[in-house]
Amino acid sequence: MFCIKKQARGISKIISTAYQHIFSCSTSLQNYKQVYTVGVMNPTTDFSRMWQTALIEIESAVSQANFSTWFKETSILKEADGTVYLGVPNSFTEEWLRKKFHNSILKILRQMNNNIRALDYVITKDEGRSMAKKIVAPAPTMTMPLQDFYINKDDNLNPKYTFDTFVIGPFNELANAAAKTVISNPGQVYNPLFLYGETGRGKTHLMQAVGNEIKKLYPNKKVFYMTSERFGNELFSALQEGKAQQFKDRFKKYDVLIIDDIQFFSGKEKFQEEFFHLFNLFKDTGRQLVFSSDKHPNIITGLEDRLRGRFNAGMVLDIPEPDHESRMVIVKAKCATHNITLPQEIVEHISDTIKDNIREIEGVINIIACQAQLKNKELSLNEVRNILKNNAKPKKLLSVKELVKIVCDFYNIDEDMIYNKTRRKEVVRPRQVVMYIMREDFNISFPSIGEKLGNRDHTTVIHSYNKMKVDLKSDPLLIQEINQLRSML
Amino acid sequence: MKAETKFFKLKSAVSITERAAGKHATLPVLSCVLIEFKKDALVLKSTNLDVGIEMEIPAKTTGTGSVAVPARTLSSFLSQSGDKDQPIVIEFVNNNLVVSLSKSKGTIKSVPHDDFPVIPEVSNGETRNIKSKALIEGFKAVWYSASVSSVKPELASIYVYKDGDFVVFVATDSFRLAEKRVPVSESQQGSIDLLVPFKNSIEIAKALESMDEVVTMKSSKNLISIESAGIKITSRIIDGVFPDYRQIIPKSPTTEAVVLKQDIVNTLKAATVFSDSFNKIKLTADPVKKILEITTKNSDVGENDAAIDAALSGEPIEISFNSKYITDCFQSIDSDSMSLEFSGKNKAMVIKPVSSNQTFMYLVMPMNR
């Protein structure tokens, strides 16, 4: 228990320090808040010292038998607004301390700290109470992969996904802020909350954290999480069995509905229709909806306009690629969960190599942790490089010619036109797209892009690149085109 | 204080409450039964701070008050046989509890009861009714599969939940898993979702054993009480989440064997004589040659080969298990024959009784070498 706690504290400390690092240039309020939390996070040790002192006094006042029965497994968990929360192992102890020792404990605590006004009890999970006699499994029998399935079947939420484990950086600050707003006022603002971004950016984590947090703060609100795929499957079998009404009624009891990967609805009209009615029911009765998708609702193909409009009416937020600093924080946080520390150069190398997918970072850290344990030593930068080479998504090699061919096929123009000097409108766009992709995805220098595409000046390329960047902000059709092209590469 | 009641009533109440009395309690009063003299009734209480049992029996009383006596002493004294309907009189005299039967009299030294803990009440919890037999049946069918380590309290518990017309009991230590579905005839409302520490579930089952009636379960986050006429059991429950085990149940077996339970019980008994320190047994199923074979080998003892008559289908397979994990589940299989389903080398084997109502299912993970 102690060791887990320490580790958890370690993580939050890393996150908080990294926070300061990220925000070191800005003097946002949040920054101060973080510094402040770091300040009060440590007193856990003060608590234990305080409680030790209190226990010495209590011990002298009660019999040894009484002391070891009632006080041995107690601790101070936290202190808030003058109330000290005492962790006790079970309801029996709570009842007894409350009845027999409440006033004396409070008195002793108040002698030490005058600000303490009240005392309350919290039953702590007794996991690891008997950690010492940890049994060794009868070795060779394999274990069931149960740990992956700690999912609450009432709401489908995975309790693992909370805000405590969610790394916040500039890239997902906005999404995080919106999520917090939703939590403080479910159903009232930002309804629906629509998060989109590529796979492995933490959409599911954030959504589930919203669910878990709402559950914690409003115990009588019923939260339900499901993927759109499951929604589809269940609706399908309900329709087959003629139980469509029961299926719909099931959702009526929920106050918060979280649906992941909305893009799977694309092209499925019947699902969309049922979903549309469900949506209206939730929206009209002021109940919160949270969705995610890999694309902006405007460019999900095969989505009915009325749904699209309704998505847009809420809050649509992008979770973009994490920035370098955030990636470093993520790497460190993931390391901390494995209880390993990596040298700075390795952390930098990992966050430099894996840019867009947090899940991949997680995978690589898992491998590093596993290998470090096997070899029983820290891995060198070279070894990590090898791991990354084998495990990171391979960057496909593509010649300029192939790229141009794909783009031209897509826009249905002649390949030669790209290299020619022509400025006809139907050619200019694809040419700019080629330049943009070369620069953005393959990091080729402006001059050499110009050289490869018919000896153009590098300023021309810079102009095209910047123009594309501006256009992309306002033209959803262009985003869609680029995304489709990227998937074809 | 003095009370008169029937011998067998006091005897059974003491033997039930004794179960919850602490065995190595740091506080002496925790190994006691607290006897409360009330108007027309005696209330017996005991607790080890994990489970608490309260029993009420009718009695003719004079005077009210409480007395605590060591549970073991009292129950051992009452274990003597005798006419079960004979009257028994207990009286508190000079810090002693005097127990008088028609032919014998015992004087038991009492323990100061000021320190006897309050058994907590479940406040504003949900209330549900269930037959005591259903509860006992469910607990007994699965408890041996729970984890004996308390590192993961969820796995050291029995997960009880309601699924349609069934109350489902599940326990696993991640090497094997047992699931028992007990039908609840009355279409009762309200869901059930509880994690009862398996040690407490044994106590609950034992305490309810002699009864056949509907009990009321009342539970809050950390506490459950099970109540019926004359008895109330209070137990700690785990505030946690049981893994969604249904996802690991293999869906489509590749090999299936149906065997007589008695055959496999006997064969395993002989085979384990030669198994190694990990209780390893090797199962070989060959549907083409129609053979199900159990092989064990221990370099210090010897080896054993035994064939079992079986109806086999699917692909041939060779797979090893810890025999203890298999034999454990036999107590929960009440049919003559049982089916073994394999889904491949590293997948769990599923054992089910072969009967019309398959309410029991057992999963065992294989050994990896």
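Me: Why is A:Asp261 called partly exposed?
Reply: A:Asp261 has 19 C-beta neighbours inside 10 Å. A residue is buried with 20 or more other C-beta atoms within 10 Å of its own, exposed with 12 or fewer, and partly exposed in between, the C-beta atoms being placed from the backbone. So 19 puts A:Asp261 in the in-between class. This is a predicted model, in which local features need pLDDT of at least 70 and side-chain atom pairs count only at pLDDT 80 or more, while totals for chains, interfaces and linings use all residues. As for labels, residues are numbered from 1 along each chain as its sequence is written, and chains are lettered from A and ligands numbered from 1 in the order in which they are written.

Me: What makes the backbone of A:Asp261 worth a look?
Reply: Its phi is positive, about 55°, although A:Asp261 is not a glycine. A:Asp261 is in the loop between β6 (256-260) and α10 (269-284) of chain A; helices (H or I, at least four residues) and strands (E, at least two) are DSSP runs, numbered from the N terminus.

Me: And which value does phi take at B:Leu49?
Reply: Phi of B:Leu49 is near 70°, again positive in a residue other than glycine. B:Leu49 belongs to the loop between β3 and β4 (51-58) of chain B.

Me: Why is A:Ala118 called exposed?
Reply: A:Ala118 has 12 other C-beta atoms within 10 Å, so it falls in the exposed class. It sits in strand β3 (residues 118-123) of chain A. Leaving aside neighbours within four places in sequence, A:Ala118 is in contact (C-beta atoms, placed from the backbone, within 7 Å) with A:Gly82 and A:Thr83. A:Thr83 is 35 residues away in sequence, yet the C-alpha atoms are 4.5 Å apart.

Me: How do you know that the buried residues of α2(B) line one face of the helix?
Reply: In α2 (residues 71-78) of chain B, the buried ones are B:Ala71, B:Leu74, B:Ser75 and B:Leu78. Down the axis of α2(B) they fall within an arc of 90°, so they line one face; the arc is that of the directions from the helix axis to the C-beta atoms. Their cover includes α1 (7-18), β2 (32-38), β3 (41-47), β6 (65-70) and β9 (105-109) of chain B.

Me: At what angle do α1(B) and α2(B) pack?
Reply: About 145°, with the axes 9 Å apart. Axes are lines fitted to C-alpha atoms, for helices over the stretch in contact, and angles run from 0 to 180 degrees between N-to-C directions. On the α1(B) side the contact uses B:Leu10, B:Lys11, B:Val14, B:Ser15, B:Thr17 and B:Glu18, and on the α2(B) side B:Ala71, B:Arg72, B:Leu74, B:Ser75 and B:Leu78.

Me: Which hand does the crossing of α1(B) and α2(B) have?
Reply: Left-handed, a term for a near helix turned anticlockwise from the far one by less than a right angle (right-handed if clockwise).

Me: Which residues touch the most other members of the largest nonpolar core?
Reply: B:Cys32, B:Val33, B:Ile158 and B:Val364, in a core of 109 residues. A nonpolar core is a set of buried Ala, Val, Leu, Ile, Met, Phe, Trp, Tyr and Cys residues joined through C-beta atoms within 7 Å. A second, separate core has 39 residues, including A:Tyr161, A:Leu193, A:Ala209 and A:Met315.

Me: How many helices and strands does chain B have?
Reply: Six helices and 26 strands, and 43% of its 369 residues count as buried. Chain A comes to 21 helices and eight strands, with 29% of 489 residues buried.

Methods:
Two residues are in contact if their C-beta atoms, placed from the backbone, lie within 7 Å.
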